[in-house]
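I opened the model to look up a few local features. My entries are below.

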Amino acid sequence: MTQKILILGTGGNCIDILDTLHDINAARGARVYECVGFLDDDAKQWGSEILGARVLGGLDTAPHYADCFFVNGITSAKLFWKKREIIARTQIPRERFATLVHPTASVSRTAQIGNGVVIFQHVTITFNVVIGDHVIILPNTVISHDDVIGAYASIAGGVTLSGKARVGEACYIGAHACVKDNIVIGAGSLVGMGSVVLQDVPENTVVVGNPARVLRPVRAETK
């Protein structure tokens, strides 16, 4: 049975989600998913098409699509802290968020994956990993044994999390960052791209560099 999908947002990650739906269908030789369209609060995009899928309206129209499942693609280094709020605006219960795993990803049978998770190309998720709801993991990332990733986190491409690391809720881990084993990254924090994290990161903190150092809090003016 084909599952109808609506994608939240129209940015690059959202287009990659559409591409992932097509790749899953091709790999299974069946129409597993049908993209009904996109929802985005930018009214200028309403009625336009992206790769053949129409932008149907704002996030607040989500309840009108009772026969659809949803996937959120809205996230960035500037918006990561807003994911919970963005998703809440849809008023859609968690069970109606689909989890997508690209056919090239390797996910251990022992991993626990939440609702609304997106796992892109060539991601590796190993033994006993726990991933919360609405986490997005971009291509070529490695999530090592016993890692825990909190809900609403965003993991950019090429990240390496060593074993038993803990990433708090609504964090953003920048591209090609490396995190040492047993490290705890506090909720709401941002790890800059290419950073090497050797010490725990406090909540709501931006860290950058090799080794990663505190740059500043995630201040209100950045939100």
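I am working with a predicted model, in which local features need pLDDT of at least 70, side-chain atom pairs count only at pLDDT 80 or more, and totals for chains, interfaces and linings use all residues. Residues are numbered from 1 along each chain as its sequence is written, and side-chain values use heavy atoms, with hydrogens and water left out.

Sheet. I took strands as DSSP runs (E, at least two residues), numbered from the N terminus, and called two strands paired if DSSP finds at least two bridges between them. I found an open sheet of eight strands with mixed pairing, in the order β6-β9-β12-β15-β18-β21-β23-β24. β6 (100-101) and β24 (213-217) are at the edges with a single partner strand each, so one side of each has no neighbour in the sheet. I then checked β6 against β9 (residues 118-119): they pair in the parallel sense over two bridges. V101 is opposite I119 in β9.

Positive phi. I noted N128, not a glycine, with a positive phi of about 65 degrees. N128 sits in the loop between β10 (124-125) and β11 (130-131). D146 also came up, with phi near 65 degrees, in the loop between β13 (142-143) and β14 (148-149).

Exposure. I used relative accessible area: buried under 20%, exposed over 50%, partly exposed in between (1.4 Å probe, protein chains only). N128 is partly exposed at 31%, whereas D146 is buried at 18%.

Cis bond. I recorded a cis peptide bond from N210 to P211, with omega near 0 degrees. P211 lies in the loop between β23 (205-208) and β24.

Note on methods:
Helices (H or I, at least four residues) and strands (E, at least two) are DSSP runs, numbered from the N terminus.
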